Amino acid sequence: MRRRIYLDYNAGAPLDGRVRAAMDPVLGEKPGNPSSVHAFGREARVLLEEARARLAALLGAVDKDEVVFVSGGTEADNLAVLGVALARADQGRHAITSAVEHPAVLAASAALEKAGFTVTALRVDGEGRLDPVELRRAIRPDTVLVSLMHANNETGVLFDVRALAAVAHAAGVPVHTDAVQSFGKVPVRVRDLGVDLLSLSGHKIGGPAGSGALYVRTGVRLAARLLGGSQERERRAGTENLAAALGLVAAAELAVREWEAEAGRLCVLRDRLEARLQEWIPGVAVNGGGAPRLPQTSNLAFPGVEAEELLVALDLAGFACSAGAACSAGALEPSHVLQAMGLPPERVRGSIRVSLGRGTTVGEVDALAEALPALVARCRG
Ligand code: PLP
């Protein structure tokens, strides 16, 4: 069988063997609900609270209880956007986000609108950048939340969250950032970014799918979305997933410890891929290439090509890449991110995402660069 090359790490990274080992002890035969008062429960509680403290330390949080364990990036984003806006509804019913956020934030914003809020989605420029002046203009006396992502999942473009948070805080508005793609790829410390809430997801960094966390600064009011028991200090009901929490924390520690060397290596690979493609294929452009970007993400436009057709051709040739967002029928919707950047429809339709990770080698990247000219020519034909 042809060798398969995985270049879709932004969709999900494989579970790291060291993370699996960290989860193993609690996946065995021992029972243990961290809320139980008996010895088994107390043992589970100790492990959970240790994990919480380790994650809090990695994020630069002041208190371990600022970490809420959740089921992933989607839940963290939903809890942040809906939880803060609904808790602060007595102070106003306006929230601000951007047009290029992940659907987990956009859909939560749409739910807020249904609940009577107004949501302003800030525009970005042709490189996917967001001007803090736009944020300043959008803030109103009744604004209760600003939610802006740290790194875009499709283009890798980084927002200057520190500058944006400073603008929001000058008006007294709390700030959430979705750091699902940036954590473990670039430094992510809550105090450096100046944010009040921050979302993380385990499976983007070699942790288990279904793990995640929301950082909530002490003093920020949050209305729980999952109702029931008083777990996670009444911010997230439901028996805690201890294995997921241990896996998330192990993956996060590895990602932070290894990010610097890995970021440099992946940047070299990404730049090599982009330079070769631009030399070998007429008309290739890098979407967001003029903005500060994550080291491992390349969003490439091949004008005259339908991305869906190219992805199928790549898959048949053994390369796993992605584009836009797959709708429930499996078909591709045009990317809302590239559309919001104001790119021409033909360029939006012909763009794919290549995302690299720990396992990516120079040989794999070169194999993609060598395969693409013929595949693109065939799709154009
Ligand atoms: N936010 C961003 C920027 C993402 O890229 C993703 C996943 O692709 C999510 C949120 C959702 O995370 P999860 O898959 O853990 O629900």
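Throughout this section, a residue counts as buried when its relative accessible area is under 20%, as exposed when over 50%, and as partly exposed in between (1.4 Å probe, protein chains only). By that definition Arg236 is buried, at 14% relative accessibility. The structure is a predicted model, in which local features need pLDDT of at least 70 and side-chain atom pairs count only at pLDDT 80 or more, while totals for chains, interfaces and linings use all residues. Residues are numbered from 1 along each chain as its sequence is written, and side-chain values use heavy atoms, with hydrogens and water left out.

We can start with the overall layout. The chain is divided into domain 1 (5-12 + 259-380) and domain 2 (17-254), with bounds that come from an automatic or database domain assignment. Taken over C-alpha atoms, the centres of domain 1 and domain 2 are separated by 28 Å. At their interface, 27 residues of domain 1 are in contact with 30 residues of domain 2, where contact means heavy atoms within 4.5 Å. Domain 1 and domain 2 bury about 2,300 Å² between them, and 54% of this area is on carbon and sulfur atoms; buried area is the accessible area (1.4 Å probe) that two parts lose on being put together, summed over both.

Which kinds of polar pairing occur across the interface of domain 1 and domain 2? The count of salt bridges between domain 1 and domain 2 is zero, a salt bridge being a side-chain nitrogen of Lys or Arg within 4 Å of a carboxyl oxygen of Asp or Glu. The rule does find 13 residue pairs in polar contact across the interface of domain 1 and domain 2, both residues at pLDDT 80 or more. A polar contact is a pair of N or O atoms within 3.5 Å; within protein, one must be able to donate a hydrogen and the other to accept it, and residues adjacent in sequence count only if both atoms are side-chain atoms. On the side of domain 1 that touches domain 2, helix H9 (242-280), strand E10 (297-301) and helix H11 (336-340) each supply at least two residues. Helices (H or I, at least four residues) and strands (E, at least two) are DSSP runs, numbered from the N terminus. The largest share of this side, four residues, comes from H11.

Leaving aside residues up to four places away in sequence, Gln181 touches Asn10, Ala151, Asn153, Lys204, Leu294 and Gln296. The side chain of Gln181 reaches the backbone oxygen of Asn10 at 2.9 Å.

Turning to charged pairs, side chains of opposite charge can pair when their charged atoms come close. By the rule stated above, the count comes to 27 salt bridges. In one of them, the side chains of Glu75 and Arg236 meet at 2.7 Å, N to O. Glu75 lies in helix H3 (residues 73-87) and Arg236 in the loop between H8 and H9, so this pair ties together parts that are 161 residues apart in sequence. Glu75 is also buried, at 15% relative accessibility. Another salt bridge joins Arg221 and Asp90, whose closest N and O atoms are 3.5 Å apart. Here Arg221 is partly exposed, with a relative accessible area of 40%, whereas Asp90 is exposed at 61%. Asp125 and Arg129 also form a salt bridge (2.9 Å, N to O); Asp125 is partly exposed at 29% relative accessibility, and Arg129 is partly exposed at 35%. Salt bridges that share partners join Arg45, Glu49, Arg52, Lys64, Asp65, Glu232, Arg233 and Glu240 into one network.

Glu232 lies in helix H8 and is buried, with a relative accessible area of 5%. A polar atom of the Glu232 side chain lies 2.8 Å from the backbone nitrogen of Phe69. Arg233 is placed in helix H8 (residues 231-234) and counts as exposed at 59% relative accessibility. Phi of Arg233 is near 50°, a positive value in a residue other than glycine. Glu234, also in helix H8, has a phi near 65°, again a positive value in a residue other than glycine. Glu234 is exposed, with a relative accessible area of 59%.
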